[in-house]
Amino acid sequence: MVTANGGDDGAGSAPRRGRPRSIETSNAILESAYVLMASTGLAATTIDAVARHSGVSKMTIYKWWPSREALLIDAFLQHAAQMLPLPPESSGSPAARARRHATAYAEALQGEFGKVQLAVISECIAKTGSAELFYARYLQFRRDALVEMIAAGQHDGSILAEGPATDLYDAIYGGLFYRYVFGIAPITPAFARNLVDLVLRPKA
């Protein structure tokens, strides 16, 4: 994953083999992978290409990521964390935070972020037969956090929509991604905000 691992986990624990992962080196690999995906496409973003671009050996990359697909997902994850941070509790009501995040996602889909996301998902499906790897390494944590935020709004009464918070989340972000994939209609910030209000029915 994106975070560094290694190091001592307690005074009495046995030392781990090998050197701990360098955060600087890991970030260089992930940044190179994302830059290559955005500029040359997934087909050209090979482990060889990432190694050349980052100046890190292929052996190191294979030691830290179990597959090319895992590396591509983590590179996308790191970029998404910077571009679409999860809204903190201190930044407003659950509905207001959901509105801001959905708007930011709609805007991101219009640029290279949307193209890279779709390409990575397609790569996972082509290689493994499903998008499970993408869900496990990228989407699950973010989905769980936003579902929890929506549920909190239902609990405190600021969100009037009934039904499972998971369904409400899927209605918002599934709707945005559906429009993006099929190009049914433009995805604008106004559309994203209106969609959140339509689905969540925030208390006036």
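**Exercise 1. State what share of the 204 residues in the protein is buried, and describe the fold in outline.**

Step 1. Of the 204 residues in the protein, 41% are buried (under 20% relative accessible area, with exposed meaning over 50% and partly exposed in between; 1.4 Å probe, protein chains only).

Step 2. Note the basis: this is a predicted model, in which local features need pLDDT of at least 70, side-chain atom pairs count only at pLDDT 80 or more, and totals for chains, interfaces and linings use all residues. Residues are numbered from 1 along each chain as its sequence is written, and side-chain values use heavy atoms, with hydrogens and water left out.

Step 3. The protein has 9 helices and 0 strands (DSSP runs numbered from the N terminus: helices are H or I, at least four residues; strands are E, at least two).

Step 4. Of the contacts between residues at least 6 apart in sequence, 64% join residues at least 24 apart (contact: heavy atoms within 4.5 Å).

**Exercise 2. Find which residues have the most contacts inside the largest nonpolar core.**

Step 1. The largest nonpolar core holds 58 residues (a set of buried Ala, Val, Leu, Ile, Met, Phe, Trp, Tyr and Cys residues joined through side-chain atoms within 4.5 Å). Those with the most contacts inside it are Ile61, Leu71, Phe113, Ile172, Leu176 and Leu200.

Step 2. Helix 4 (residues 68–83) gives the largest share of this core, 8 residues.

Step 3. Take Ile172: apart from neighbours within four places in sequence, Ile172 contacts Ala102, Leu195, Val196, Val199 and Leu200.

**Exercise 3. Decide whether His101 is buried or exposed, and list what His101 touches.**

Step 1. Locate His101 in helix 5 (residues 94–109).

Step 2. His101 has a relative accessible area of 7%, so His101 is buried.

Step 3. Not counting residues up to four places away in sequence, His101 touches Leu84, Pro85, Leu86, Pro87, Arg142, Leu146 and Tyr173.

**Exercise 4. Determine which helices the buried residues of helix 2 pack against.**

Step 1. In helix 2 (residues 47–54), the buried residues are Ile47, Ala49, Val50, Ala51 and Ser54.

Step 2. These pack against helix 1 (23–40), helix 3 (58–64) and helix 4.

Step 3. After helix 2 comes Gly55, with a positive phi near 75 degrees.

**Exercise 5. Classify Tyr178 by its relative accessibility.**

Step 1. Tyr178 belongs to helix 8 (residues 165–182).

Step 2. Tyr178 counts as partly exposed because its relative accessibility is 49%.
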